[in-house]
Amino acid sequence: MAHPTRDSLDSALARILTEKPDPRASWFALTEGDRLFSAGDPADTFYVLQSGRLGVFIPREGQPSEFIGIVHPGTPVGEMAMLADTAHTANVVALRDSEVIALPREAFYELSRSHPDLMAEVARVMIRRNRQKGSNDFPTAHGFVAARAQPIRPFVEAIHAAIEAEGYRVRIIDRDATTLAADWFARIEDAHDFVLYVAEADEPAWANLCARQVDRLFIVGDPENAPPAKATKRNGDSELVQQLTDLILLSKTPVGQRHPCKPWLDAMSPGRWFHCQDGSAHDAHRMARVITGASVGLVLSGGGARAYAHIGVLRALNDAKIPVDFLGGSSMGGIIAAGPALGWTQEELEARIHDVFVRKDPLSDIALPLVALTRANKLQNLLQEAYGDLAIEDMPLPFFAVSANLTTGRIEVHREGLLREALRASVAIPGLIPPFVRNGQVLVDGAVLRNFPSDVMRRFNRGPMIGSDVSQTRGVNAEQLENPPSWWRWIMSGAWKQGPPIVSVLMRAATLSTSAELAEARAETDVLIMPRPEGIDIREWKAFEPTVAAGEMAAKAALAQIDRPIADLRRPAPKPVVAAPEISIEAAVASPVRAALARLLPQRKPPQTVDHR
């Protein structure tokens, strides 16, 4: 099946170059992992990808670069910066061995003036890319490479069946394709929505080819055994390419009974990791959602006692049978998100949060305020009791918590290490709870820098994102601040158990975001839920039921506005079915522009880029 964008632009370029070769045009090859250009480089060249795939990454200060999409063959790259005469804003790296045609900017403009159809084709690509953002730039070729002795083909076939059940055309490619030409793989990928490459442990040559052929690579290991001394990995720019290398820990042993997975993370340095069980249809469907862009991420804001509303949001999502695949949050939102990430049922989550925060009140150990108003001993003991020595990386579902690093001035994203320590840092409201110090770094409440960390969730999940945000609901009792009670009345009324009114000020100040920051964070979500627990103070830990009810009501109202399944909000539509014979090696013809390039254009080395990280 022809790729319309590729064929139209390729045909225009081939015709122009054949009619009148331009000595300034050139062709070069990129090896998997090579950079085409970096953010900050001058955009003085018009590039068109001829074969292979390129990944686009946006640099983030103090955080890993964010993968935002894929450049497919026949598509220009970096053309918007070139046309605007600005520097490139992204890092572009080859995800597989690729071929690129390059035209200096002046040559491109001259050709465009004499061949208006060239500029018209470029404009069509830019418009189509903007309209189809989130679908055409989605990874479609995935590799599954075994790093364990047991076969992984049955698990991949279960994922294949789950993807196919959603109406997609999907194909598994195994070592029988080892000797086929690169153009055959390209045409197979054009003819299918998703292609799954699978390599067993005894197929090292094919495994290496798979790693060089796919958009995203899954290393499949067994947590009950040590990682292999030498495993298949991607080449080149490790900081970028490793983000597109994931680890699946697949075993017959249930997740809660497995050995720690830290040795595997140290050996593989994956961008993400998933715990799956052999023979589990549930896990096969979960990975199918991840691959097709249907995996749901849930991000929860901080907000003190008002964050109880997130429990009501989870109740509504459970009632609507919406599976959640990635979870994360800041401050109290992180504590609540940890429950479903650990596999807790809704009933267990509500019972545990009620027990810890309503019945036991972990912030009631008021202290002489040398560092903070509480000692946090009670909080630390309750976190130890609830989570023990459980590590975040061993949780059944991907999870993160956010804290603010006062030493570096940046956010700290906790994806590994002891869960209780991450949550202790994430809720350390300055002035109320003492900072958490780890390895010389002073960590406080994540809400100080990122109360609604939707941008962090987007780094790990390309599928739909649901956000529950209570950060701007009014949570400070103005009357109590204007007319604070006398000491004796404050003690006699029992209000001392909530802490003095200054607690509200400290908690609200810690969770206050600027309008611009909040608008940007909310814009990242696909479904935004904003519970309004009216009249509930930010430190009113006893107001459990009404706050949960407010969250449930807000979630049901937001879900009622969605006119299609949540899973369909971001995943690409299946390609139209075109009757065609089974693609064979004979059908794998080179694109017309590549044939022209081979005859007419000089070959040169890839451009030398400067790393502006």
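Two strands are said to pair if DSSP finds at least two bridges between them. The model shown in these views is predicted.

**View A. Strand S17 is covered on both of its faces.** Strand S17 spans residues 399-405, and seven of its seven residues are buried.

**View B. Strands S17 and S18 form a hairpin.** Four residues lie between the two strands, and Gly 409 in this turn has a positive phi of about 80 degrees. S18 comprises residues 410-414, and its antiparallel pairing with S17 involves five bridges. Within this pairing, Ser 403 is placed opposite Glu 412 of S18.

**View C. Strand S17 also pairs with S16 and with S20.** S16 (residues 326-330) runs parallel to S17, and four bridges join them. Here Gly 329 faces Ala 401 of S17. The pairing of S17 with S20 (residues 441-445) is antiparallel and has three bridges. Ser 403 has Asp 445 as its bridge partner in S20.

**View D. Four strands make up an open antiparallel sheet.** The strand order is S2-S7-S4-S5. S2 (35-37) and S5 (63-71) each have a single partner strand, so one side of each lacks a neighbour in the sheet. From one strand to the next, the twist averages 30 degrees.

**View E. Strands S4 and S7 are joined by four bridges.** S4 (residues 54-60) and S7 (residues 91-94) run antiparallel. Leu 54 has Ala 94 as its bridge partner in S7.

Technical notes: Residues are numbered from 1 along each chain as its sequence is written. This is a predicted model: local features need pLDDT of at least 70, side-chain atom pairs count only at pLDDT 80 or more; totals for chains, interfaces and linings use all residues. Side-chain values use heavy atoms; hydrogens and water are left out. Buried means under 20% relative accessible area, exposed over 50%, partly exposed in between (1.4 Å probe, protein chains only). Axes are lines fitted to C-alpha atoms, for helices over the stretch in contact, and angles run from 0 to 180 degrees between N-to-C directions.
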